[in-house]
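Work through the exercises below with the sequence and the model open. Try each task before you read its solution.

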Amino acid sequence: MKILQDFELLFQHELQGLYDEDEIKAIFLVVVAEKFGLNRTNYQLRKTDIVKEADKAEVLSILQNLKKHRPIQYILNKADFYGEVFQVNESVLIPRQETEELVDLIIKNHKSSQNLKIIDIGTGSGCIPITLSKHLNNALVTTIDISKEAIKTAQENAKNLKTQVQFINADIFEWEYIFSDQHYNIIVSNPPYITPGEKQHMNQNVLAHEPELALFIEESAPLIFYDVISSFALKHLTPDGDLYFEINQYLGPEMKELMVKKGFEQVKLIKDINGADRIIHAKKAR
């Protein structure tokens with residue numbers, strides 16, 4: 001193997017069966033961009049470039065990690081989200097497109113607002129609170145997570161992306177002991193929502209490396225986080241305040257019913273770009 005194209009063929013051969021052909025191509029182009037600074041177009045023009053021995057060793061190391069089902073984002077310790085690069089590791093979920101859609105909805109709905117008070121529940125990498133802080137005018141953003149490691153990663157991202165976010169390391173199930181008189185214009189959460197029964201349909205790279213604490217919920221109580229957080233919202237949202245959830249695509253009607261029973265108004269079930277039920281937006285009564 002001497003030229004870049006040789007490595008593309010090697011990736012296709014070695015990762016066959018782990019990813020589909022398009023995914024392998026996309027992963028390889030991420031590696032090319034990271035290690036050689038080439039975008040898709042430039043790669044096509046320079047695929048016959050000779051690869052230095054040091055670079056060859058790095059690319060082969062990445063390939064070996066990929067063969068162990070380790071996601072490329074964890075290998076490179078970075079992931080793209082809403083036009084920014086976030087640091088990621090095995091203590092936080094890799095940001096998803098569906099979460100970008102959630103954030104984009106909030107930004108579009110509130111872009112003309114000033115000085116919003118926002119709390120995000122379930123910090124992870126910080127992609128939700130940090131992005132909202134960057135794009136909403138003078139927003140005061142707070143975020144809470146039970147994982148100290150996740151908080152540490154998110155704090156690094158906030159620093160790198162030059163945003164001011166208040167971090168709280170605590171369990172939202174104990175919210176009555178943590179929060180007193182704080183009120184927020186927006187409450188948003190992407191809590192754990194995958195049931196154990198769905199594991200059989202998930203990729204091994206997710207199951208083996210992403211934090212279970214941020215992914216899975218008990219089969220017998222799939223809405224427990226939404227129940228607790230919506231109760232928190234009833235007390236801590238301002239009148240006419242907004243509650244946003246990312247949800248399990250298979251539980252859309254149940255989620256909408258829960259919000260209505262809790263007393264929220266204008267409850268909307270919103271589909272993602274793939275046509276799956278993915279977002280709940282509701283308002284607290286005036």
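**Exercise 1. Find which residues aspartate 272 touches, leaving out those up to four places away in sequence.**

Step 1. List the partners. Aspartate 272 touches Glu98, Glu101 and Arg278.
Step 2. Look at the side chains. Those of aspartate 272 and arginine 278 are joined by a polar contact of 3.1 Å. A polar contact is a pair of N or O atoms within 3.5 Å; within protein, one must be able to donate a hydrogen and the other to accept it, and residues adjacent in sequence count only if both atoms are side-chain atoms.

A note on the source: this is a predicted model, where local features need pLDDT of at least 70, side-chain atom pairs count only at pLDDT 80 or more, and totals for chains, interfaces and linings use all residues. Residues are numbered from 1 along each chain as its sequence is written, and side-chain values use heavy atoms, with hydrogens and water left out.

**Exercise 2. Explain why helix H7 (residues 127–135) is largely enclosed by the rest of the structure.**

Step 1. Name the buried residues: Cys127, Ile128, Pro129, Ile130, Thr131, Leu132 and Ser133.
Step 2. Conclude. In H7, 7 of the 9 residues are buried, so the rest of the structure largely encloses this helix.

**Exercise 3. Describe the largest nonpolar core.**

Step 1. Define the set: buried Ala, Val, Leu, Ile, Met, Phe, Trp, Tyr and Cys residues joined through side-chain atoms within 4.5 Å.
Step 2. Give its size. The largest core has 29 residues. Phe179, Ile187, Phe245, Met255 and Met259 have the most contacts inside it.
Step 3. Find the main contributor. Helix H12 (224–236) is among the elements giving two or more residues. H12 supplies the largest share, 6 residues.
Step 4. Check methionine 255. Beyond four places in sequence, its contacts are Leu223, Tyr226, Phe245, Ile247 and Ile280.

Conventions:
Contact = heavy atoms within 4.5 Å. Buried < 20%, exposed > 50% of the residue type's maximum accessible area, 1.4 Å probe, protein only. Helix = DSSP H or I, 4+ residues; strand = E, 2+ residues; numbered from the N terminus.
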